[in-house]
Amino acid sequence: MQRLENPGFGRIFTDHMVTVSWEAGKSWHDASVRERTPFQLDPASAVLHYAQEIFEGMKAYRTEKGGIVLFRPEENARRFRSSAERMAMPVMPEEMFLTAIEELVRIDRDWIPSGEGSLYLRPFMFADEAFLGVRPATRYTFCVIASPVGAYFKGGAKPISVWVSDAYSRAAPGGTGAAKCGGNYAASLIAQAQAAEKGCDQVVFLDAAEHRWVEELGGMNIFFVMEDGTIVTPPLGTILPGITRASLMILARDAGMRVEEKAYSFDQWQDDAARGRLREAFACGTAAVVAPIGNVRHAHGEFSIAGGEVGPVTRKLRETLVGIQKGSQADAHGWLHVIA
Ligand SMILES: *Cc1c(COP(=O)(O)O)cnc(C)c1O
């Protein structure tokens with residue numbers, strides 16, 4: 001397919017979608033794999049007013065031997081479940097979630113690019129009860145759509161620049177930071193727009209309470225590589241528990257590196273960069289995999305990391321993870337889920 005040669009990210013969609021409905025008293029019903037068509041929504045649908053919506057992001061890869069695999073989809077199923085719980089939405093059994101993904105990948109398998117591309121899968125659920133009162137809705141639609149994608153950032157694996165937001169927070173203790181809900185993104189867009197105004201690719205959020213601790217980017221987790229080889233990443237709590245984050249921690253430990261989940265302040269980040277204690281920094285997530293951070297801008301100045309180049313640890317972790325996903329490196333942890 002011609003369209004698969006340079007698909008970009010998230011602009012092209014496959015022919016099909018999966019939908020499953022949920023209604024109070026009826027639970028999950030009417031599962032179907034069908035032609036991709038627009039939804040008909042009542043203007044009073046709860047999602048349009050109170051934003052009960054959650055989603056996931058995962059990829060189907062064509063391995064070098066031609067097989068089709070998913071990467072740790074059970075983890076997406078589990079996270080979808082906890083996002084649903086946090087947003088007072090019905091929980092979808094993990095088996096049902098996985099079956100929905102597999103069915104869509106099977107029917108749209110010709111859309112999976114080979115080489116560097118992959119098929120991005122977007123499962124999501126929203127409240128479609130027509131009701132304006134404030135309480136959890138009694139009707140929901142679960143859906144999965146798919147989009148063939150290339151590199152998330154136009155420069156590929158070139159280092160990105162980040163803006164450290166001094167004005168906005170992404171999540172607060174007790175809030176929805178750990179849930180993958182659309183509302184978190186809505187709240188982050190103005191900060192992302194500000195980052196773009198400052199000439200940066202992405203925004204970095206600090207914690208809401210003290211505005212001191214590094215949390216994550218708008219849609220990616222963050223890692224720091226220290227001069228003694230230790231890797232530091234912010235602890236779970238208000239950040240999104242990334243599956244890429246968890247996988248990279250395991251791969252780094254496999255490679256003999258020390259990994260610490262600990263609070264890391266922006267002051268410390270600047271100081272470590274200035275004194276040469278910080279060697280590399282990178283962001284990670286399913287869409288962009290591993291994105292080296294080359295330049296950091298903030299309200300009072302800017303600094304660069306690893307001379308604005310891709311550092312060796314970042315490069316190695318990226319290659320290892322992509323290698324496992326593409327089947328060129330051994331899958332020692334049994335992370336690949338083969339689609340028969
Ligand atoms: C999805 C997401 C991530 C990355 O999670 P992965 O499971 O690695 O794709 C990180 N931060 C935010 C805010 C996210 O929404």
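User: Which elements each supply at least two residues of the lining of the largest cavity?
Analyst: In this predicted model, where local features need pLDDT of at least 70 and side-chain atom pairs 80 or more, while totals for chains, interfaces and linings use all residues, they are strand E4 (58-62), H5 and helix H7 (312-326). Helices (H or I, at least four residues) and strands (E, at least two) are DSSP runs, numbered from the N terminus. Residues are numbered from 1 along each chain as its sequence is written, and side-chain values use heavy atoms, without hydrogens and water.

User: OK, pockets then: how much space lies in the largest one?
Analyst: The largest pocket holds about 750 Å³ of space. Its lining has 40 residues, of which Tyr120, Arg122, Tyr152, Tyr185 and Gly219 are the closest to its centre.

User: What elements supply that lining?
Analyst: At least two residues each come from strand E3 (53-55), strand E6 (118-127), strand E7 (139-149), helix H4 (182-197), strand E9 (202-206), helix H5 (243-254) and strand E14 (278-285). Helix H4 gives the largest share of this pocket lining, five residues.

User: And where does the ligand sit?
Analyst: The ligand sits in the largest pocket, in the sense that more than half of its atoms lie within 2 Å of the pocket's grid points.

User: Which residues come nearest to the ligand?
Analyst: There are 15 residues around the ligand (a heavy atom within 4 Å), and Lys180, Tyr185, Glu216, Thr244 and Thr286 come nearest.

User: What polar side-chain atoms lie by the ligand's oxygen atoms?
Analyst: One belongs to Arg79, at 2.8 Å from an oxygen atom of the ligand, and an N or O atom in the side chain of Tyr185 is 2.6 Å from a ligand oxygen atom; polar contacts are pairs of N or O atoms within 3.5 Å.

User: Which side chain is 2.6 Å from a nitrogen atom of the ligand?
Analyst: That is the side chain of Glu216, through an N or O atom.

Note on methods
A polar contact is a pair of N or O atoms within 3.5 Å; within protein, one must be able to donate a hydrogen and the other to accept it, and residues adjacent in sequence count only if both atoms are side-chain atoms. On a 1 Å grid over the protein atoms alone, a cavity is a set of points where a 1.4 Å probe fits but cannot get out, and a pocket is an open set with protein on both sides within 12 Å along at least five of seven lines; lining residues have an atom within 4 Å of a point. Grid points are joined across faces, edges and corners, and a volume is the space filled by probe spheres set on the points.
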